[in-house]
Amino acid sequence: LDPDAASYLTRLVSAAIQRYVVDGVYLDGLRFPGSDFDYSRRAMDLFRADTRTRLSPADRARVDAIEAIDPFGYTSEFPTEWAAFRESRLTALITRIHTALKALNPKATITANAAVDGDSARAEQFQDWRSWIANRLIDGVGQRNGNSTTILLSGDAVVVTRAERAVSTQRTSDAPSQAGAGPPGRRAARRRRHASPCTVRH
């Protein structure tokens, strides 16, 4: 949430792109740990300042009185706005990284670790990755293959799970002539998992 932290991360990504020859960046930790994060004093101050600009004097006085007793008064009174605030800050960060990276290397790709379930990713980690892809802020999403270092990437927001891969493998062995069967998005995702992932991780 802290603008200084966002600036620091953007500088790190830019420095890596300038120092190493890479095809792109894979952002492994660009998410909130959970919906109960971040309730630091700095985060409360930022949300309070952002929210107060839209409140009437009477509402500001009312919530300020609550905050005098409860340091999380603003987030308690405006839970929907608090969720939107965290989501917007994360999107602003990915926008900054995208702008900085493309200025250095227009052909470089940007992918991010994201939950397969877009609704869960947005509600729990505040990753609105569907809009990130739609607005071309990132080129795809990825997930680690179990405990290995292999990363499965998808440019159309389709990431095949281990259970689905097991079923697919069984079907392929049973019916070799239908190895390419399945929805186009799934076939593309299976092909992509054999490609080399991006090489710089956050």
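Predicted model: local features only at pLDDT ≥ 70, side-chain atom pairs only at ≥ 80, totals over all residues.
**Exercise 1. Helix α1**

Solution. Residues are numbered from 1 along each chain as its sequence is written, and side-chain values use heavy atoms, without hydrogens and water.

Step 1. Helices are DSSP runs of H or I with at least four residues, strands are runs of E with at least two, and both are numbered from the N terminus.

Step 2. At the start of α1, the backbone nitrogen of D4 has a side-chain oxygen of D2 within 2.8 Å.

Step 3. A residue is buried under 20% relative accessible area, exposed over 50% and partly exposed in between (1.4 Å probe, protein chains only). The buried residues of α1 are A6, S7, L9, T10, V13, S14, A16 and I17. An α-helix has 3.6 residues a turn, so residues three or four places apart point the same way.

Step 4. S14, a residue of α1, counts as buried because its relative accessibility is 14%. Contact means heavy atoms within 4.5 Å; apart from neighbours within four places in sequence, S14 is in contact with A100 and L104.

**Exercise 2. Helix α5 and the cores**

Step 1. Among the buried residues of α5 are W82, F85, E87, L90, L93 and I94.

Step 2. A nonpolar core is a set of buried Ala, Val, Leu, Ile, Met, Phe, Trp, Tyr and Cys residues joined through side-chain atoms within 4.5 Å. The largest one has 26 residues, of which L27, L30, L93, I94, W129, W132 and I138 touch the most other members. The largest share, five residues, is that of α5.

Step 3. Not counting residues up to four places away in sequence, I94 touches L27, L30, I110, W132, L137 and I138. A second, separate core has ten residues, including L46, L55, W82 and F85.

**Exercise 3. The largest pocket**

Find the volume of the largest pocket and the elements that give two or more residues to its lining.

Solution. Step 1. On a 1 Å grid over the protein atoms alone, a pocket is an open set of points where a 1.4 Å probe fits, with protein on both sides within 12 Å along at least five of seven lines; lining residues have an atom within 4 Å of a point. Grid points are joined across faces, edges and corners, and the volume is the space filled by probe spheres set on them.

Step 1. The volume is about 410 Å³. Of the 19 lining residues, L1, A5, A6, L90 and L93 are the closest to the centre. The elements giving two or more residues to the lining are α1 and α5.

**Exercise 4. The loops on either side of α7**

Describe D128 and F126, then R136.

Solution. Step 1. D128 lies in the loop between α6 (118-124) and α7 and is buried, with a relative accessible area of 13%. A polar contact (N or O atoms within 3.5 Å, one able to donate a hydrogen and the other to accept it; residues adjacent in sequence count only if both atoms are side-chain atoms) of 2.8 Å joins the side chains of D128 and S131. Leaving aside neighbours within four places in sequence, D128 is in contact with E87 and R122.

Step 1. F126 is also in the loop between α6 and α7. Its phi is positive, about 60 degrees, although F126 is not a glycine. F126 is buried at 3% relative accessibility.

Step 2. R136 is in the loop between α7 and β3 (140-144). Its phi is near 60 degrees, a positive value in a residue other than glycine. R136 is exposed, with a relative accessible area of 68%.
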